Amino acid sequence: MEAVQKFYPGLDGVVAAETKISFLDTVQGEIVIQGYDLIELSKTKEYLDIVHLLLAGELPNIEEKAALEEVLKREYDVPKEILDIFKLLPSNTHPMDALRTGLSSLAGFDQQIDDSTAEANMKKALKLLGKVPNLVANSYRVTQQQDVIAPLPELSYSANFFYMITGKKPTPLEEQIFDRSLVLYSEHEMPNSTFTARVIASTKSDMYGALTGAVASLKGNLHGGANEAVMYMLLEAKTVEEFEKVLETKLANKDRIMGFGHRVYMKKMDPRATIMKDALRQLCEIQGDDLLYQMCEAGERIMEKEKGIYPNLDYYAAPVYWMLGIPIPLYTPIFYSSRTVGLCAHVMEQHANNRLFRPRVHYTGERRAIIINQ
């Protein structure tokens, strides 16, 4: 009789990989990215600094950062054939589904798709980082029968992404806040989408396949889709009092309330949420309307009192994106675009020191004998 292995539902607490990329230190309250605290990085560094850190292992100097940006600018454009594919999709196609289609289609344009050496994977990562923002913004525009917005090389990486989404160049504060959100979403150890990418990569599948699988994972509202759900929930109310009633009703009905709680941050606020909370405050002050900020704070108080749980990043990122004029269906694709660098880093690490993932199961079915009719 085979020994029964202990079952961990959802692989909770199971260590599935060794990595130098990132670590959630719940004791110190830090999100460690290549040795640095992500929260501290977000206060002084930009997204491209984090891209270099995750892919090269070190923060860039001025020259290295400029060179990285030039490489990404050369990769901004996506093949016309992919934009034509988007035209064939129904207008109600979710942007994550369109992104999944576009990302998978990109694979056919890479002549070195099956080369998983470190050098080839780095080229793929940079190609994806250049093109994914374009795919996110223009897949949505095409399916909504809007004109494609071409990237502007004179803009910074984050400003260009914002421009392709909204059709307007961001103010310095808008660019800073949007860039900071990309930093905060860039890498987060081993969530479902990263695990998905590593599992696919462990078969020696290519980076496009691994990242396409991650799109499907991130679409779910128990993972990346939560930020969209948060905004729709906030829009159910027009006052702080109405929002309190919305939450109280959901609690009474035992509905899941998005934007609160986290498998890792059980008894404290997601430190990334505190950064986005301050960004929301700044945007509200500039626009002279702090209703969303007051609603979110009221939600914090109710959930802490009633459930003892705290906001995660999605809870405050959602109203920040709303104040920036970003369409709700693009919240999760933006999350994915931010996380592209982390996903690429994990795929590269998996390919460099690979072992095929092959877990076992806890079988709960019957054992039956075959009855042969006489």
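**Salt bridges in a predicted model**

Trainee: Which residue forms a salt bridge with E297?
Mentor: In this predicted model, E297 pairs with K277, and their closest N and O atoms are 3.2 Å apart. The two residues belong to distant parts of the chain: E297 is in helix α14 (residues 291-307) and K277 is in helix α13 (residues 271-287), 20 residues apart.

Trainee: Is K277 buried or exposed?
Mentor: K277 counts as buried, because its relative accessibility is 16% and the cut-off for buried is under 20%. E297 is partly exposed, at 22%.

Trainee: How many salt bridges are found in the whole structure?
Mentor: The search finds 19.

Trainee: What does D49 pair with?
Mentor: D49 forms a salt bridge with K65, with the closest N and O atoms 3.1 Å apart. This pair also links distant parts of the chain, since D49 lies in helix α2 (residues 47-56) and K65 in helix α3 (residues 62-73), 16 residues apart. D49 is buried, with a relative accessible area of 6%, and K65 is buried as well, at 18%.

Trainee: Which residues are joined with D49 into one network?
Mentor: E46 and K65 are joined with D49, through salt bridges that share partners.

Trainee: Changing topic, where do E75 and K131 lie?
Mentor: E75 and K131 form a salt bridge, with their closest N and O atoms 3.0 Å apart. E75 is in the loop between α3 and α4 (80-87) and K131 is in helix α6 (residues 118-143), so the pair ties together parts that are 56 residues apart in sequence.

Trainee: And what is the relative accessibility of K131?
Mentor: It is 9%, so K131 counts as buried, whereas E75, at 21%, counts as partly exposed.

Conventions. Residues are numbered from 1 along each chain as its sequence is written. This is a predicted model: local features need pLDDT of at least 70, side-chain atom pairs count only at pLDDT 80 or more; totals for chains, interfaces and linings use all residues. Side-chain values use heavy atoms; hydrogens and water are left out. A salt bridge is a side-chain nitrogen of Lys or Arg within 4 Å of a carboxyl oxygen of Asp or Glu. Helices (H or I, at least four residues) and strands (E, at least two) are DSSP runs, numbered from the N terminus. Buried means under 20% relative accessible area, exposed over 50%, partly exposed in between (1.4 Å probe, protein chains only).
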